[in-house]
Every structure is written in structure tokens, then in C-alpha cells.
Amino acid sequence: MRAILSVSDKAGLVDLGRGLSRLGCELISTGGTSKTLTASGLTVTSVAAVTGMPEMLDGRVKTLHPAIHGGILARRHKPEDLAALADHGIAPVDLVVVNLYPFRKAATNPDTPFDDLIEEIDIGGPSLLRAAAKNFRDVLAVVDPADYPRVLEQLERPAGPALEFRLELMRKAFAHTADYDTMIASTMASVTVTGDRIRRDPGSSALSPSPLLLSHQEVPLRYGENPHQKAAWIPGGSADRAWSVHQGKELSFTNLLDLDAAVRVALEFAEPAGVVIKHTNPCGVATGATLAEAYVRAREADALSAFGGIVGLNRPVDVETARALTSTFIEAVVAPAVSPDAAAVLAGKANMRVVTVDFAGLEARWGDSAHREARSFLGGSLIQDSDRVTEARTPWPDGDFPRVVTRRVPTPAEWTGLRFAWRVCGHVKSNAVIFAAEDRTVAVGAGQMSRVDAVRVAVMKGGEALQGTVVASDAFFPFRDGLDALAAAGATAVVQPGGSVRDADVIAAADEHGLAMVFTGRRHFRH
């Protein structure tokens with residue numbers, strides 16, 4: 001066997017190289033990939049030794065040569081292809097391991113000079129991948145380091161890699177190059193020319209399709225939101241495949257949506273936090289000294305809605321939390337891990353789905369400025385930057401932020417409650433109004449067509465428990481009626497973005513009721 005390896009992401013490279021060498025595979029490589037493999041004690045053949053040509057043009061030309069591409073594209077079932085290789089002294093290539101220059105990282109850095117950005121456009125890499133993917137029946141096209149162990153397993157099979165596996169890698173390779181090319185095209189759309197000067201617009205961020213739109217590794221689901229709808233899960237990458245199901249019934253379409261919503265809220269908190277989700281809305285969120293305390297508080301915030309909910313926890317599940325989880329009916333729980341003793345307790349609820357996922361990995365991915373989210377509509381697809389409640393990452397008030405706009409300033413306890421409510425608010429469907437204490441939600445008004453109705457829904461759910469609470473609104477109050485209603489319910493302080501043409505009327509209403517109100521200057525619609 002012969003393998004060509006040229007990767008910018010070196011994760012897992014050495015282990016793959018060692019595994020290929022054990023299988024008797026010749027390793028062909030260039031540049032940094034070759035240095036990494038050689039430094040680990042592996043024998044590597046340079047591309048220049050294969051082509052008989054040195055690297056040219058500052059490395060712009062390395063693998064673009066018939067001795068490389070002929071070996072990749074030759075069809076093993078065609079005698080004339082093999083004869084052509086023999087005539088020209090070209091050996092077949094069986095494996096191409098490539099991931100491309102880090103163009104995305106350079107493009108999302110507004111300080112990257114245009115000429116440096118151009119040098120991050122990979123030419124040889126996509127050509128290698130497309131050639132291998134086109135000839136997938138004979139050549140494995142490998143782009144994802146997470147697939148390296150599976151590649152070695154498939155190569156060890158007596159019959160060689162299965163056709164289904166080859167096709168899977170082919171799809172991923174074309175998705176990888178398509179995403180890459182789209183990133184380049186959308187970045188170049190932000191470039192302008194003035195005279196003989198080329199300039200990037202620093203206010204423009206390059207958008208690329210979500211891998212969910214490009215991957216075709218469908219995991220069939222029983223059905224979609226309703227039994228008459230077919231559905232599938234399309235993992236977008238190695239981080240998505242890290243969702244591990246340990247017990248319970250098969251995950252459904254709505255389970256996955258709710259699990260995602262639960263993780264997003266749980267990631268907002270550094271302290272132990274519990275989240276209960278119903279139809280993608282948090283019906284209860286709380287923090288506590290222990291994970292079990294946080295979960296019980298979240299569940300009791302709206303015990304009626306919590307029945308049959310999805311639970312998110314930002315700490316490994318321990319025995320105490322497991323006992324609380326199994327004391328009532330929930331559909332699923334997601335957490336970073338589950339202790340062996342807790343797993344034994346959870347096993348008593350055989351149908352309850354227990355899912356673990358790398359919270360730290362998801363946090364890093366979600367916090368990456370390059371992270372984009374996509375959804376479809378009847379006119380195509382929509383792509384946007386992900387929304388984080390970054391303005392609540394530090395305790396409030398942080399200097400003069402958020403800005404106090406009323407005569408009364410929030411008390412220390414109210415500041416804590418306002419920050420808590422604001423972190424939750426960004427994850428509730430608009431229009432959203434949240435009544436909260438310092439460490440838990442008390443009532444949630446979600447998805448209403450008017451903001452005053454969102455207040456009324458929360459008041460209906462919270463009743464007398466709303467006395468002394470604080471309120472967060474995901475967007476501004478367009479009229480004072482919402483302020484009047486929440487004041488009548490017993491709230492004492494409010495956080496909202498501000499920005500209405502009637503802000504003065506709303507502030508006056510707050511002052512009339514003795515409310516403290518602060519503006520963040522940033523809204524968090526969620527549709």
C-alpha cells in the first residue's frame with residue numbers, strides 16, 4: 001500500500017502513521033506533515049522523490065504532478081489504466097489523508113493581511129482529495145482525524161475496506177472541499193478594490209454553510225416532529241459524533257432538539273446548574289451548591305411542565321442527582337459524564353435516555369468566532385453567527401454595565417438575580433419574559449405574539465410566588481403595559497435591552513412603581 005499524507009491539523013497523525021507502517025504501507029508526505037512523522041521515528045518518502053521535481057514557488061507547487069495524480073486516479077479494474085501507470089513507472093496510491101490549509105482561521109481574523117489570506121488558499125490539497133474521492137472504489141479519501149482509527153480497522157479487514165465505508169469517506173471529502181471553497185468565495189465577497197488597493201471589509205464576517213448542510217452521513221430517526229414525517233440526524237463532525245447514548249429508548253427528532261437546547265442553557269453557567277426543557281424552551285433553570293440541589297430547584301420551578309421533560313446538567317451525574325432524576329418521569333438527561341454508581345441508579349429507569357457529551361468541546365466550538373448556525377426555509381437556507389449571552393459572563397454590575405436607567409439602583413441581590421435571568425432569557429423563544437430569583441427561574445413566559453402577553457403567561461404560571469422577583473425581557477418593552485403588569489405581579493427589578501422609541505415612557509412607568517431597571521443594549525431574539 002501507498003499513502004499520501006498532507007495535513008494542517010496534526011491531531012492523530014502519528015498514531016495513524018504508525019498504524020499504516022505496521023500494515024506495510026509506504027508513507028509519502030511533504031513539509032510539516034513529513035517532519036512530524038519523521039520526528040516520531042517513521043520512514044517517510046518525500047513527494048519530490050516520487051515526482052522527480054522539487055517543491056516550487058514557495059511551496060505553491062508540490063503534489064500537482066502525474067506521478068501523484070496518476071497513481072490516485074488510475075482505476076484498478078481497467079487494464080489500460082494500469083498499463084499506463086506501468087509505461088510511465090507510476091505506482092498506484094491507495095490512501096490520501098488531507099485536511100486543508102487553515103483558511104477559515106485566517107479569514108475570521110480581521111487583522112490578516114489580504115496577501116497572507118491568499119496564501120492560505122490550498123490548491124494541491126483539494127486536488128488530492130477530489131482525485132481520491134472521484135476514485136473512491138480504489139482510494140480512501142480521509143479528511144477527518146476522528147476517522148483514523150476506523151480507517152486502520154477497515155484496512156485490516158481480509159477483504160479490505162468495505163464499499164460502504166469508501167463511499168462514506170468520499171462524501172465527507174467532497175463536503176470538506178465544498179465547505180472550504182464556499183468559505184473562500186464568501187470571504188472574497190467582502191473584498192473591495194479602490195484604485196490599485198485591495199481591502200477587506202473588517203466589519204464583514206465570512207459565512208460558510210454549516211457542515212449539517214454538507215454531510216450526508218444520515219443517522220435515521222424513527223420519525224420527525226410527527227409520525228408522518230421522515231427524519232434523520234446528520235452529524236456535522238467529530239464533536240457531534242461525541243454525543244453518546246448510554247441507555248434508554250432510541251433518540252427522537254424532538255429529543256435531539258431539546259437536548260441541544262438543554263446543553264446551550266447549561267453552558268451559560270460555571271456553577272452547578274440544572275435545566276429542564278420542554279419543546280426547546282427552558283421551563284426551569286437553577287443553580288445550587290450541588291448538582292442535585294440545582295436540578296431539584298429547576299424541576300420545582302415548574303413541576304407541572306417538568307413532567308416528561310429533557311434535563312441538562314453541567315456536571316457529571318452523581319448518585320444523589322441520579323436518585324433525584326429517577327424520582328419523577330423525564331424523557332432524557334444529558335451531562336458531561338455519569339459516575340458508575342449513578343449509572344446503576346439510572347438503570348432503574350430503563351426507558352430514560354441517558355446521554356453524555358464533551359461539554360468543554362462544545363463550549364470551545366460554540367465560543368469560536370467562526371461558529372455559524374444554519375436552518376432551512378422554503379426559499380433556501382439561512383446562516384448566521386451563533387448567539388451567546390457574552391455580556392453576562394462576569395458578575396453585574398461590571399463598572400457601569402448594565403446601564404441603570406431608573407431612579408432606583410438594583411440591590412446586590414437584585415443584580416445577581418438580573419444577571420441570572422438574563423443568561424436564561426437568551427434561550428427562551430420570543431417574545432420572552434422571565435421572572436427569577438437569585439439562583440432559579442420562578443416563571444417563564446415564552447413564544448407570545450406580544451410582550452405584555454408574555455408577562456401575563458408568566459404571571460398566570462407564577463402567581464403569588466412572583467413577589468420579590470426580578471424580570472428579564474429578551475427585547476425592549478414597546479409600551480408601558482408590560483411594565484405595569486410585571487410590577488403588579490410583584491417584581492422589583494427589570495433587565496431589558498432598551499432601544500424603543502417609547503423608552504422614556506417605560507422608564508417613567510418603572511419609576512412610578514419603584515422598580516429598578518437596567519439596559520444591556522443587546523437583545524436576544526430566538527425564533
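Helices (H or I, at least four residues) and strands (E, at least two) are DSSP runs, numbered from the N terminus. By that definition the protein chain contains 22 helices and 23 strands.

The model is a predicted one: local features need pLDDT of at least 70, side-chain atom pairs count only at pLDDT 80 or more, and totals for chains, interfaces and linings use all residues. Residues are numbered from 1 along each chain as its sequence is written, and side-chain values use heavy atoms, with hydrogens and water left out.

1. Overall dimensions and burial. The C-alpha trace of the protein chain spans about 90 × 70 × 45 Å along its principal axes. Buried means under 20% relative accessible area, exposed over 50%, and partly exposed in between (1.4 Å probe, protein chains only). On this scale 49% of the 527 residues of the protein chain count as buried.

2. Contacts along the chain. Contact means heavy atoms within 4.5 Å. Among the contacts in the protein chain with a separation of 6 or more, 56% are accounted for by residues 24 or more positions apart.

3. Surface and charge. Accessible areas come from the Shrake-Rupley method with a 1.4 Å probe, and for residues only the protein chains shown count as cover. The protein chain exposes about 24,400 Å², of which carbon and sulfur atoms supply 54%. For charges, Lys and Arg count as positive and Asp and Glu as negative, while His and the chain ends are not counted; the place of a charge is taken as NZ of Lys, CZ of Arg, CG of Asp or CD of Glu. There are 55 positive and 62 negative side chains in the protein chain, and the centres of the two sets lie 3 Å apart.

4. Nonpolar cores. A nonpolar core is a set of buried Ala, Val, Leu, Ile, Met, Phe, Trp, Tyr and Cys residues joined through side-chain atoms within 4.5 Å. The largest has 47 residues, and those with the most contacts inside it are Trp-243, Leu-259, Val-263, Val-334, Leu-418, Trp-422 and Ile-434. Not counting residues up to four places away in sequence, Val-334 touches Trp-243, Leu-259, Ala-262, Val-263, Val-311, Gly-312, Leu-313, Val-355, Val-357 and Phe-359. A second, separate core of 25 residues includes Val-98, Leu-117, Leu-128 and Ala-173. In soluble globular proteins, nonpolar side chains tend to be buried together.

5. Helix α8. This helix (residues 124-134) has 8 of its 11 residues buried, so it is largely enclosed by the rest of the structure. The buried residues in α8 are Gly-124, Gly-125, Pro-126, Leu-128, Leu-129, Ala-131, Ala-132 and Ala-133. Leu-128 is also among the residues of the second core.

6. His-279 lies in the loop between β11 (273-278) and β12, and has a positive phi of about 55 degrees although it is not a glycine. Thr-280 is placed in the loop between β11 and β12, with phi near 70 degrees, again a positive value in a residue other than glycine. His-279 is exposed, with a relative accessible area of 66%, whereas Thr-280 is buried at 18%. Strand β12 (residues 281-287) holds Thr-287, which counts as buried at 8% relative accessibility. Leaving aside neighbours within four places in sequence, Thr-287 is in contact with residues including Phe-269, Glu-271, Phe-420 and Asp-439.

7. A cis peptide bond joins Trp-396 and Pro-397, with omega about -10 degrees. Pro-397 lies in the loop between β17 (380-385) and β18 (403-404). The peptide bond from Ser-430 to Asn-431 is cis, with omega near -10 degrees, and Asn-431 is in the loop between α19 (412-425) and β19 (433-436). Rings of Phe, Tyr and Trp (its six-membered ring) pair if their centres lie within 6.5 Å; planes under 30 degrees apart count as stacked, over 60 as edge-to-face and the rest as tilted. The whole structure has 3 aromatic pairs. The rings of Trp-396 and Phe-401 have centres 6.2 Å apart and planes at 85 degrees, so this pair is edge-to-face. Trp-396 is buried, at 8% relative accessible area, while Phe-401 is partly exposed at 25%.

8. Thr-492. This residue lies in the loop between α21 (481-489) and β22 (493-496) and is partly exposed at 23% relative accessibility. The C-alpha atoms of Thr-492 and Pro-410, 82 residues apart along the chain, are separated by 8.6 Å.
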